[in-house]
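This report goes through one protein model, starting with the ligand and ending with the domains. Please look at the structure before reading on.

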Amino acid sequence: MTVAVLGAGKIGEALLSGLLDAGYDAGDLLFTERHPERAAELTERYGVKGVEVAEAAERADVLVVAVKPQDIEPLLDELAGLIGPDSLVVSMCAGLPTSLFERRLPAGTPVIRVMPNTPMLVGAAMSAVSAGKHATDEQLQTVERLLSSVGKVVVLPESQQDAVTALSGSGPAYFFYLVEAMIDAGILLGVPRAVAQQLIVQAAVGAGKMLEEGGEHPVMLRENVTSPGGTTINGIRELEKHGVRAALLDAIESARDRSVELGKAHEE
Ligand SMILES: NC(=O)C1=CN([C@@H]2O[C@H](COP(=O)(O)OP(=O)(O)OC[C@H]3O[C@@H](n4cnc5c(N)ncnc54)[C@H](O)[C@@H]3O)[C@@H](O)[C@H]2O)C=CC1
Ligand SMILES: O=C(O)[C@@H]1CCC=N1
C-alpha cells in the first residue's frame, strides 16, 4: 500500500517518521510539499520521495491531507481534477468536516477524518478516526491499521471530532506548557535549568506511565502523592486558589470552539 502525505509540515513529518520507524518501506511513502527546501530536507532525512500532487494522486492508495485548514481550498481544487475512484482521502485538518471534501472532490470519493497528535513522531500518537459517508468499513480498518502502527486509535462519530481536536490534538501542547512552567519554578527556586528540566521531564514521563499502565484513576494517583500535613497539599491549595482546573476547562472549550469555527469558514 502506498501512502502519500499532502503537506509535509509538522504532522506530515510525524506521520512519515512514525511509519518508517514502524517498518514501512520508504519506497511505499510519498509526500508533496510546496516549499522545495523543506522537501529536500525531508528527502535527505528520511529517504522518502517528494512529488507533485498529480503523481501522488496517481500512485498512492491513501492520500493523507496534512495542510493547514486555511490552505485547503487550492489543494481541493487541484485534487478534484486528479483523483480517481480508488483513492482514499484521509484528512488530518483540524475543524474540516468530511462533507467539505465530499462536496469538492469527485462524487463518491471515500473520505476519513482523523485527529492525530504530534507524539506520532515517537510512535505514541492518539488518533481519533471518523468515516465520511462514502468510506467503507474496510477502508476505515485500513486507516485504523495504518495509524495503529504509530500509536493508539479510537473510532468516534464525527460529531465528536471538534472536542477530540481540543483534547488529544492540542493536548500535548498543554502538557508541554505545564512542563515549561514547572521548569521555570525550578529556576525560581535556584535549581540549574538542566537539572530542573531533567527532574520535571522524568516526573512527567513517570506520571504518564502510571496513568497508562497502572489502571488507577488519576484522583487516586494524585491522592497517593498528597500526604496529610505534607508538602503537596500546599501546592494543590495554590492551584485551586488560582483556578487552574477552571482555566483548563475554559482552555479546552475555547480550543473546541476554534475547531468549529475553522470548519464554518469553509461552509457554502
Ligand atoms: N501540529 C499538530 O499538533 C497537529 C496538526 N494537525 C493538523 O495537521 C495539519 C497540518 O498542521 P501542521 O503540520 O502543524 O502545519 P504545518 O504548517 O507545519 O504543515 C503544513 C505543510 O503543508 C505545506 N503545504 C500547504 N499547502 C500545500 C499544498 N497545496 N501542497 C503541498 N504542500 C502544502 C506547507 O508548506 C507546510 O509545510 C493542520 O490541518 C492541522 O490542523 C492535526 C493534529 C495535530
Ligand atoms: O493547533 C492546531 O490547530 C492543531 C490542531 C490540533 C493541534 N494542533
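In this predicted model, a polar side-chain atom of lysine 68 lies 3.2 Å from an oxygen atom of ligand 1. Taken alone, ligand 1 exposes 830 Å², and the protein buries 84% of that area. Two further residues approach the ligand through their backbone: arginine 34, with a backbone N or O atom 3.1 Å from a ligand nitrogen, and alanine 94, with a backbone N or O atom 3.0 Å from a ligand oxygen. The table sets these contacts side by side.

| Residue | Atom of the residue | Atom of ligand 1 | Distance |
|---|---|---|---|
| Arginine 34 | backbone N or O | nitrogen | 3.1 Å |
| Lysine 68 | polar side-chain atom | oxygen | 3.2 Å |
| Alanine 94 | backbone N or O | oxygen | 3.0 Å |

How many residues surround ligand 1? There are 20, and the closest are Lys10, Ile11, Glu33, Val67 and Ala94.

The next topic is the division of the chain. Domain 1 covers residues 3–156, and domain 2 covers residues 171–260. To the contact between them, domain 1 contributes 8 residues and domain 2 contributes 4. The centres of the two domains, taken over C-alpha atoms, are 33 Å apart.

The size of an interface is often expressed as the accessible area lost when the parts come together. Between domain 1 and domain 2 the buried area is about 330 Å², and carbon and sulfur atoms give 43% of it.

Which charged groups pair up across this interface? The rule finds 1 salt bridge between domain 1 and domain 2. On the side of domain 1 that touches domain 2 there are 2 nonpolar, 4 polar and 2 charged residues. Lysine 152 forms a salt bridge with glutamate 212, and their closest N and O atoms are 2.9 Å apart. Between the two domains, 2 residue pairs are in polar contact.

Methods: Residues numbered from 1 in each chain as written. Chains lettered and ligands numbered in written order. Predicted model: local features only at pLDDT ≥ 70, side-chain atom pairs only at ≥ 80, totals over all residues. Heavy atoms only, no water. Domains from an automatic or database assignment. Contact = heavy atoms within 4.5 Å. Buried area = accessible area lost by both parts, 1.4 Å probe. Salt bridge = Lys/Arg side-chain N within 4 Å of Asp/Glu carboxyl O. Polar contact = N/O pair within 3.5 Å; in protein donor to acceptor, adjacent residues only side chain to side chain. Nonpolar A, V, L, I, M, F, W, Y, C, P; charged D, E, K, R; others polar. Near = heavy atom within 4 Å. Areas by Shrake-Rupley, 256 points an atom, 1.4 Å probe, with all protein chains shown as cover.
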